[in-house]
2 protein chains.
Amino acid sequence: MNILITNDDGIDSPGILALASALKEIGSVTVIAPDRQQSAVGHALTVSAPLRAVPFHRDGGLFGYAVNGTPADCVKLGVSTLLDQKPDLVVSGINHGANTSVNVMYSGTVSAATEAMMIGLPALAVSLTSFSLESDMSAAAKYAKQVAGSMLTWGLNNDTILNMNVPAISPDEIKGMRITRLSNSYWDDSYDSRKDPMGREYHWIVGTYQTPESHDIDTDDGAVRNGWVSLTPIHYDLTHRKEVERLKTLI
Amino acid sequence: MNILITNDDGIDSPGILALASALKEIGSVTVIAPDRQQSAVGHALTVSAPLRAVPFHRDGGLFGYAVNGTPADCVKLGVSTLLDQKPDLVVSGINHGANTSVNVMYSGTVSAATEAMMIGLPALAVSLTSFSLESDMSAAAKYAKQVAGSMLTWGLNNDTILNMNVPAISPDEIKGMRITRLSNSYWDDSYDSRKDPMGREYHWIVGTYQTPESHDIDTDDGAVRNGWVSLTPIHYDLTHRKEVERLKTLI
């Protein structure tokens, strides 16, 4: 199995190293990832500047290729141009920070998986619910390997990706893995507005994440809050077909 | 009716001027838009830098506020901080270039509408199928006004936005408006790989857009190719609920 690995934290992050190390045990791994942090880039593509892919070394050996672009760029450039053959699977992560609920809309980690899906490839996004670079990645790596090794046999639709979130707790405290739905969490948006030394206003985003379903272990946020690994099938058949029929009667 | 207008081409584009002029006839309009071109930014948010909103004048009067951020930033900052009250409707556009089919995934124009939806507001994205800055915006402005004036009575779900694409043909050649689904078009990705003067490789994206359903006027690409304004309800209930049940039996 040929596996393309990318992320949005950058090719030098601990998360992508843990993921690549784990997936090497089940396949042939190529890492093509952004050369720097790309969080909250959404499904951005670089269209007005050229991309470069340069070899990136780690621990004395070639680890992968660093691209001056977004996670979606890495998948598009990798599959169309850099790789000799299409991978069997694309895995994005391990992200430092959860990508649950509405956060999948903003997530570069998830967008890499979505781009893979749009090219017709099975894809998995993996995130750990901690921003600490010192986090223990072993549980996330273990579950990523388990799902990556099985998902090609699951017959997923080609409009669907899998989104995994792993709680940042001691690996032996994890209760197991649950299939979940996206929870109805949301950001309570606010901005901290300040004045610069010239008296001009500027605004820092300071949203508060609200999780009304955090008790419900059948949701992604609920599962990870209660010690479970969450695995959510996300589909991109975005047309609201029922509304198509109803709106036809209204216009 | 209070209407917030934004776009991804930048506050100085002809498209947003045409949209604001048309919507002023049916409501009180505030323009909060990026201070520069933001195409293909996807649903990006600015999280690691502060935002500024500065008054932008056009034709001798205050036209709106220019923000050093993405379309989604403009909606978030506008609704939470800049506006005195929540708008009744958010309209994004008029984009120079179609946002049909898979392009809704990359589109900053659509992402502004999606961000509005996530805040609980009805939203419409409007695009014209031409990149020319000299394009005739009158048909797009007319149809945007018609839908913006009606959609609050249509009882749309709060997980759904409307995505309009208008063919760049003479307004009197337009056959009318159709409710459509997203077509199954896709990008045949390739990169034009070159060497710089130092002999190092770089890659320009040169995708070719494939539209196998361009004959089908019930799809967005098919409608606009055949002279119709396309209006597609797009929903963001992304959990693949059938797969949730099936995967539970597999893991």
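Student: In this predicted model, what makes strand β7 and strand β13 of chain A a pair, and in which sense do they run?

Tutor: Two bridges between strands are enough to call them paired. Strand β7 (residues 160-166) of chain A and strand β13 (residues 228-235) of chain A have 6 bridges, in the antiparallel sense, so they count as a pair. One of the residues to look at is A:Asn163, whose bridge partner in β13(A) is A:Thr232.

Student: Why are β3 and β8 of chain A said to stand at the edges of the sheet?

Tutor: Read the order of the open sheet in chain A: β3-β4-β2-β1-β5-β6-β7-β13-β8, with mixed pairing. β3 (53-58) and β8 (176-179) of chain A each have a single partner strand, so one side of each lacks a neighbour in the sheet.

Student: Over to chain B. Why are α2(B) and α4(B) called roughly parallel?

Tutor: Angles under 35 degrees get that name. Helix α2 (residues 71-82) and helix α4 (residues 108-118) of chain B pack at about 25°, their axes 7 Å apart, and therefore they are roughly parallel to each other.

Student: What kinds of residues make up the contact of α2(B) with α4(B)?

Tutor: Among those meeting are B:Pro71 and B:Val75 in α2(B), and B:Ala112 and B:Glu115 in α4(B). The contact residues split into 6 nonpolar, 3 polar and 2 charged.

Definitions and conventions. Residues are numbered from 1 along each chain as its sequence is written. Chains are lettered from A and ligands numbered from 1 in the order in which they are written. This is a predicted model: local features need pLDDT of at least 70, side-chain atom pairs count only at pLDDT 80 or more; totals for chains, interfaces and linings use all residues. Axes are lines fitted to C-alpha atoms, for helices over the stretch in contact, and angles run from 0 to 180 degrees between N-to-C directions. Helices (H or I, at least four residues) and strands (E, at least two) are DSSP runs, numbered from the N terminus. Angles under 35 degrees count as roughly parallel, over 145 as roughly antiparallel, 65 to 115 as roughly perpendicular and the rest as oblique. Two residues are in contact if their C-beta atoms, placed from the backbone, lie within 7 Å. Ala, Val, Leu, Ile, Met, Phe, Trp, Tyr, Cys and Pro count as nonpolar, Asp, Glu, Lys and Arg as charged, and the others, Gly among them, as polar.
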